Amino acid sequence: MGWPRYGRVTLKPFSAGLTEEEWKGLYETFRDPEVAEWNGSSPLRSPFWLFKRFVLAEMRRKDRLAFVILDERGEYLGTLELYDLTPEEATLGILIGRKDRWGQGYGTEAVRAALSYAFGPLGLTRVKLRTFAHNLRARRAFEKAGFRQVGLGLGPKGREDVYMEVIRGQPEG
């Protein structure tokens, strides 16, 4: 299996099919109020079957690649997406849903795996993202993976956002 990897982390494409445990982990990630807060959303309230139907429909979109993040034992950690995908660039989104694994470098490794895939097989030249200014843990993980801050702005709920990007071939940090 040639899935993107870096360090302890493997990115398994949704298109490869998810196990029942991966589906449950994904569902719980989006139901968790603390994870939702860090994602700037509300906790998911839909039933499992409806959530699964929605995710399967989203997988058919051509401007989005979604992955589950697996740890060194092949266990679910979270989700990562490359969306607004064009031949030149994409926007990155990541959620580590397993809170017992926060602060252990898994997010940075997942982002590095995604960048390797984006700049390698996908041939992109730029990957960008937006995160909350107060989310220092995420910002540090993104910086460790090579992202640089390129702007500030107010997000949809009036929170200060940090815009970051990484360009293929630019030297890291």
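Two residues are in contact when heavy atoms of each lie within 4.5 Å. The structure is a predicted model. On that basis, T10 is in contact with W3, P4, R5, V68, I69 and L70, leaving aside its neighbours within four places in sequence.

- T10 belongs to strand β2, which spans residues 9-13.
- The relative accessible area of T10 is 8%; because buried means under 20%, T10 counts as buried.
- One of the contact partners of T10, R5, also meets it through a polar contact between the two side chains, at 2.6 Å.

**Nonpolar cores**
- The largest nonpolar core contains 29 residues, and L11, L92, V127 and F147 have the most contacts inside it.
- Two or more residues of this core come from each of β2, β3 (64-70), β4 (76-83), β5 (89-96), α4 (106-119), β6 (126-132), α5 (136-144) and β8 (160-167).
- Helix α4 provides the largest share of this core, with 8 residues.
- L11 is in contact with W3, P4, F67, V68, I69, L80, A110, A113 and A114, again leaving aside neighbours within four places in sequence.

**Salt bridges**
- Side chains of opposite charge can pair when their charged atoms come close.
- The whole structure holds 18 salt bridges.
- The side chains of K128 and E89 form one of these, at 3.1 Å from N to O.
- K128 lies in strand β6 and E89 in strand β5, so this pair ties together parts that are 39 residues apart in sequence.
- K128 is partly exposed, with a relative accessible area of 27%.
- D161 and R130 also meet in a salt bridge through their side chains, at 3.1 Å from N to O.
- This pair links distant parts of the chain, with D161 in strand β8 and R130 in strand β6, 31 residues apart.
- D161 is buried at 0% relative accessibility, whereas R130 is partly exposed at 44%.

- D63 is partly exposed at 23% relative accessible area, and R61 is partly exposed at 32%.

Key. Residues numbered from 1 in each chain as written. Predicted model: local features only at pLDDT ≥ 70, side-chain atom pairs only at ≥ 80, totals over all residues. Heavy atoms only, no water. Helix = DSSP H or I, 4+ residues; strand = E, 2+ residues; numbered from the N terminus. Buried < 20%, exposed > 50% of the residue type's maximum accessible area, 1.4 Å probe, protein only. Polar contact = N/O pair within 3.5 Å; in protein donor to acceptor, adjacent residues only side chain to side chain. Core = buried A, V, L, I, M, F, W, Y, C linked by side-chain atoms within 4.5 Å. Salt bridge = Lys/Arg side-chain N within 4 Å of Asp/Glu carboxyl O.
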